[in-house]
Amino acid sequence: MKYLAALALSFSAANAAAQVDSTAPFHIPMTGLGGASYGDVIIGTSQPADVERVLARVGGLGPRRENRVIFSIGTTKLHPPELYTPPATMNQLYFDRGVLVLVVEGIPRGLPTTRSAFLTAFPAAKETHRETGWYELQVPVRDCLWLIAVFGVPDDKLESDGYAYTCGRP
């Protein structure tokens with residue numbers, strides 16, 4: 001099972017996830033299963049009601065669930081207590097103290113799809129976790145913002161990705 005994907009949902013490998021806009025690095029595009037863009041959320045700022053508005057025309061956030069997983073992002077431990085899995089996406093959205101702090105995208109779009117291409121695009125990426133069948137790379141893309149990529153073994157293909165906001169977190 002894939003680390004990020006296995007935390008709450010199991011995601012299958014896909015063609016490539018909506019990458020953060022480099023000119024607005026805290027804006028995360030919300031993309032549907034068929035690739036439709038619903039709008040952006042702002043990691044580190046958006047509250048559930050904000051994300052609900054972005055996804056309103058396609059079913060909203062879905063039900064709130066309790067998250068029991070602690071994430072290691074760089075040197076930060078995140079334990080966001082709220083988890084939503086919007087019905088029109090393959091995403092997991094994690095909130096801490098009412099603020100979006102982690103977005104896991106189950107269908108990667110716009111990122112390099114192999115380990116070698118990913119490391120070429122993000123040479124500072126480091127492997128942070130490995131299990132049978134998958135491993136995780138993390139790289140800071142801006143202060144407070146981390147990109148997390150999960151690759152399958154043995155093909156080294158990108159299977160899911162995520163963005164984590166770490167500022168103001170213990």
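## What counts as a ring pair

Rings of Phe, Tyr and Trp are taken to pair if their centres lie within 6.5 Å, and planes over 60 degrees apart make the pair edge-to-face. With that in hand, welcome to this predicted model, which holds six aromatic pairs.

## A pair that spans the sequence

Let's begin with Phe26 and Tyr165. Their ring centres are 5.9 Å apart and their planes stand at 75 degrees, so this pair is edge-to-face. Phe26 sits in the loop between helix 1 (3–6) and strand 1, while Tyr165 belongs to strand 12 (residues 158–165), so the pair ties together parts that are 139 residues apart in sequence.

How accessible are the two partners? Phe26 counts as partly exposed because its relative accessibility is 27%, and Tyr165 counts as buried because its value is 16%.

## A cluster of rings

Phe118 and Phe151 also form an edge-to-face pair, with 5.5 Å from centre to centre and 75 degrees between the planes. Here helix 3 (residues 115–121) contributes Phe118 and strand 11 (residues 145–152) contributes Phe151, so parts 33 residues apart in sequence are tied together.

Phe118 is buried, with a relative accessible area of 0%, and Phe151 is buried with 0% as well. Ring pairs join Phe118 and Phe151 with Phe122 and Tyr135 in a cluster.

## The hairpin of strands 1 and 2

Strand 1 (residues 27–31) pairs with strand 2 (residues 37–42) in the antiparallel sense, over five bridges. Met30 has Gly39 in strand 2 as its bridge partner. Five residues lie between the strands of this hairpin, where Gly35 takes a positive phi near 95 degrees.

Notes:
Residues are numbered from 1 along each chain as its sequence is written. This is a predicted model: local features need pLDDT of at least 70, side-chain atom pairs count only at pLDDT 80 or more; totals for chains, interfaces and linings use all residues. Side-chain values use heavy atoms; hydrogens and water are left out. Two strands pair if DSSP finds at least two bridges between them. Helices (H or I, at least four residues) and strands (E, at least two) are DSSP runs, numbered from the N terminus. Rings of Phe, Tyr and Trp (its six-membered ring) pair if their centres lie within 6.5 Å; planes under 30 degrees apart count as stacked, over 60 as edge-to-face and the rest as tilted. Buried means under 20% relative accessible area, exposed over 50%, partly exposed in between (1.4 Å probe, protein chains only).
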